Amino acid sequence: SYVYDMPGTYQGRIYINGDVSGQIEINILPENLPPVVILEPQEIWIDVGGIVDFDATQTYDDNDPMQDLRFIWDSDGDGNFDIDGNGIATAQTTFNNNGTYEISLYVFDQDTIWIEGQEYPWPEWGMNTSIVHVNLPPVAEANGPYYSEFGVDIQFDSTGSYDPDGI
């Protein structure tokens, strides 16, 4: 057993009973680190009908330029991927229903490996999420109509007003 500390191609020998019986080529591949996915906003509160601009333009990979990274978005939190493409580091979504949504972004690099003269895909991927809280507007109860004479104070009462989703 031997641990190689540098990538490269090495020649090994096979010994049987102390005699060299053959040689073998050993390919040590460089480490392929996953992309670092930076997604903004990390968490946001909006009203129903609000639009959120998601931004992952600060995402990076040590081996591949931004335009070669593959961005796969679930931009509305339904578990299905909505946007898929190289270099697509932004997404925009309108949220028409209240609730809490987890937006997912997966980023794949384009690295490949060579084995015996053949190229094989060897992507690494990174992932990040954003949480979107979509709030219904409060319901105001004015309890009117109110009547008064000129110069007399009016006492308003908002009893019965509430926030339907408590956010």
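Modeller: Rings of Phe, Tyr and Trp pair if their centres lie within 6.5 Å, with the six-membered ring used for Trp. Keep in mind that this is a predicted model.

Biologist: What do you call the pair made by the rings of Y4 and Y10?

Modeller: A pair of aromatic rings is described by the distance of the centres and the angle of the planes. For Y4 and Y10 the centres are 4.4 Å apart and the planes sit at 35 degrees. Stacked needs planes under 30 degrees apart and edge-to-face needs over 60, with the rest counted as tilted. At 35 degrees, therefore, the Y4 and Y10 pair is tilted.

Biologist: And are those two buried or exposed, or partly exposed?

Modeller: Buried would need under 20% relative accessible area, and exposed over 50%. Y4 has 26%, and Y10 has 25%. So Y4 is partly exposed, and Y10 is also partly exposed.

Biologist: What about Y146 and F156, how is that pair of rings classed?

Modeller: Their ring centres are 5.0 Å apart and the planes are at 75 degrees. Planes over 60 degrees apart count as edge-to-face. So the Y146 and F156 pair is edge-to-face.

Biologist: Where in the chain do Y146 and F156 sit?

Modeller: They are 10 residues apart, and the pair is classed as linking distant parts of the chain. At 28% relative accessibility Y146 is partly exposed, while F156 is exposed at 59%. As for location, both Y146 and F156 lie in the segment after β11.

Biologist: Over to the core: which strand gives the most to it?

Modeller: The largest nonpolar core has 18 residues, and F54, F71, W73, F95, L105 and V132 touch the most other members. At least two residues of this core come from each of β4, β5, β7, β8 and β11. With 4 residues, the top contributor is β8.

Biologist: Is F95 buried or exposed?

Modeller: F95 is found in strand β7, and its C-alpha lies 8.6 Å from that of I46, 49 residues away along the chain. In soluble globular proteins, nonpolar side chains tend to be buried together. The cut-off for buried is under 20% relative accessible area. F95 comes in at 3%, so F95 counts as buried.

Biologist: Which residue forms a salt bridge with D84?

Modeller: A search of the whole structure turns up 1 salt bridge. Its closest N and O atoms are 2.7 Å apart, inside the 4 Å limit. D84 is in strand β6 and its partner is in strand β5, 14 residues apart. That partner is R70.

Biologist: Last one: which residues make the nonpolar surface patch of about 260 Å²?

Modeller: One member is in strand β1, namely I14. Patch residues need over 30% relative accessible area, and I14 is partly exposed at 40%. The complete patch is I14, I16 and I24.

Key
Residues are numbered from 1 along each chain as its sequence is written. This is a predicted model: local features need pLDDT of at least 70, side-chain atom pairs count only at pLDDT 80 or more; totals for chains, interfaces and linings use all residues. Side-chain values use heavy atoms; hydrogens and water are left out. Patches are made of residues with over 30% relative accessible area and no salt bridge: like charges are joined within 9 Å, nonpolar side chains (Val, Leu, Ile, Met, Phe, Trp, Tyr) within 5 Å. Accessible areas come from the Shrake-Rupley method with a 1.4 Å probe; for residues, only the protein chains shown count as cover. A salt bridge is a side-chain nitrogen of Lys or Arg within 4 Å of a carboxyl oxygen of Asp or Glu. Buried means under 20% relative accessible area, exposed over 50%, partly exposed in between (1.4 Å probe, protein chains only). A nonpolar core is a set of buried Ala, Val, Leu, Ile, Met, Phe, Trp, Tyr and Cys residues joined through side-chain atoms within 4.5 Å.
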